[in-house]
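Here is a short report on a two-chain model. It starts with the fold, moves to the interface and ends with selected residues.

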2 protein chains.
Amino acid sequence: MLNQSTGLDRLFHALADPARRAMVERLSRGPAPVSELARPLPMSLPAAMQHLGVLEAAGIVRSAKIGRVRTCAIEPEVLSQAEQWINARRIEWERRLDRLGDYLKTLEGEGDGNGSGT
Amino acid sequence: MLNQSTGLDRLFHALADPARRAMVERLSRGPAPVSELARPLPMSLPAAMQHLGVLEAAGIVRSAKIGRVRTCAIEPEVLSQAEQWINARRIEWERRLDRLGDYLKTLEGEGDGNGSGT
């Protein structure tokens, strides 16, 4: 539970930056070398590499050096953990609304019952 | 686009803390007074109120004071924005895998064609 918590901390923190989200957006279309990830960003290569480090620490991105080129790829299962957490909250919320709807229907039904009695 | 970016920054940052996620978990089961949100957390009430402030700034939670009690509720549409961003990445990723699969099938087909020729 604590590990899971720390994982989600890192995961959501990693996604809380536009440069890092831009990297994830690019990588969800396929693997890319670091230079290609850094090019569109308004920052130096070392600054981009730091952001990449945050994504790697969170487990969202892995990279491998082949020859002189470091290529990055997304880890979709890790990214999905964040999606699943939010999804679970939405399901709970919707269930609550369903229960509320059922309850209101029950009240309506009781109201009808009383109405026919008077 | 910039506004959207800032919104997602705040949204993901708000979710990157276990105390704030615990509050969102509680509120997805229904509205609650601040005191109830703070009670299970291993921190002072002022510290819990600060976390609540981060959730409110991100738009995930709204609160209203009725008499002497401040009651909080979740804003599911705002929370959904974070889910949608991750969801869009997953869809792109899965499309890429589909295209890759189609491409591999094409190669297989070409292989068969060559095979029958020899």
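In what order do the elements of chain A run from the N terminus on? The order is α-α-β-α-α-β-β-α. This is a predicted model. The secondary structure of chain A amounts to five helices and three strands.

**Chain A overall**

Chain A has 118 residues, and 36% of them are buried. Its exposed surface comes to about 7000 Å². Carbon and sulfur atoms supply 54% of that surface. Among contacts in chain A with a separation of 6 or more, 53% link residues 24 or more positions apart.

**The interface**

The size of an interface is often given as the accessible area lost when the parts come together. Here chain A and chain B bury about 2900 Å² between them. Of this area, 63% is on carbon and sulfur atoms. In chain A, the residues that lose the most area to chain B are A:Arg21, A:Glu83 and A:Trp93. Together they account for 21% of what that side buries. In terms of contacts, 31 residues of chain A meet 31 residues of chain B.

The polar side of the interface can be counted too. Between chain A and chain B there are 12 residue pairs in polar contact, with both residues at pLDDT 80 or more. Which helices of chain A each supply at least two residues of the side that touches chain B? They are helix H1 (2-15), helix H2 (18-27) and helix H5 (76-117). H5(A) gives the most, with 13 residues. By residue class, the side of chain A that touches chain B divides into 15 nonpolar, six polar and 10 charged residues.

**Salt bridges**

Side chains of opposite charge can pair when their charged atoms come close. Over all chains, the structure holds 16 salt bridges. Eight salt bridges cross the interface of chain A and chain B. The table gives a selection from the model.

| Salt bridge | N to O distance |
|---|---|
| A:Arg21 with B:Asp9 | 2.9 Å |
| B:Arg21 with A:Asp9 | 2.9 Å |
| A:Arg26 with A:Glu36 | 2.8 Å |
| A:Arg29 with B:Glu92 | 3.9 Å |

Take B:Arg21 and A:Asp9, whose side chains meet in a salt bridge. B:Arg21 lies in helix H2 (residues 18-27) of chain B and A:Asp9 in helix H1 of chain A, so the pair joins two chains. Are B:Arg21 and A:Asp9 buried or exposed? Both are buried.

The salt bridge between A:Glu36 and A:Arg26 stays within chain A. A:Glu36 sits in helix H3 (residues 34-38) and A:Arg26 in helix H2, so this pair ties together parts that are 10 residues apart in sequence. A:Glu36 has a relative accessible area of 29% and is therefore partly exposed.

A:Arg29 and B:Glu92 also meet in a salt bridge. This pair crosses between chains. A:Arg29 is in the loop between H2 and strand S1 (32-33) of chain A, while B:Glu92 is in helix H5 (residues 76-117) of chain B. A:Arg29 counts as partly exposed because its relative accessibility is 47%. B:Glu92 is partly exposed as well, with a relative accessible area of 21%.

**Helix H2 of chain A**

The buried residues of H2(A) are A:Ala19, A:Arg20, A:Arg21, A:Met23, A:Val24 and A:Leu27. One of them, A:Arg21, forms the salt bridge with B:Asp9. What caps the N-terminal end of H2(A)? The cap is A:Asp17, with a side-chain oxygen 2.8 Å from the backbone nitrogen of A:Ala19.

**A:Val69**

A:Val69 belongs to strand S3 (residues 69-74) of chain A. Its relative accessibility is 42%, so A:Val69 counts as partly exposed. Leaving aside residues up to four places away in sequence, A:Val69 touches A:Pro33 and A:Ala64. How far apart in space are A:Val69 and A:Val34, C-alpha to C-alpha? The distance is 7.9 Å, although the two are 35 residues apart in sequence.

Key:
Residues are numbered from 1 along each chain as its sequence is written. Chains are lettered from A and ligands numbered from 1 in the order in which they are written. This is a predicted model: local features need pLDDT of at least 70, side-chain atom pairs count only at pLDDT 80 or more; totals for chains, interfaces and linings use all residues. Side-chain values use heavy atoms; hydrogens and water are left out. Contact means heavy atoms within 4.5 Å. Buried area is the accessible area (1.4 Å probe) that two parts lose on being put together, summed over both. A salt bridge is a side-chain nitrogen of Lys or Arg within 4 Å of a carboxyl oxygen of Asp or Glu. A polar contact is a pair of N or O atoms within 3.5 Å; within protein, one must be able to donate a hydrogen and the other to accept it, and residues adjacent in sequence count only if both atoms are side-chain atoms. Helices (H or I, at least four residues) and strands (E, at least two) are DSSP runs, numbered from the N terminus. Ala, Val, Leu, Ile, Met, Phe, Trp, Tyr, Cys and Pro count as nonpolar, Asp, Glu, Lys and Arg as charged, and the others, Gly among them, as polar. Buried means under 20% relative accessible area, exposed over 50%, partly exposed in between (1.4 Å probe, protein chains only). Accessible areas come from the Shrake-Rupley method with a 1.4 Å probe; for residues, only the protein chains shown count as cover.
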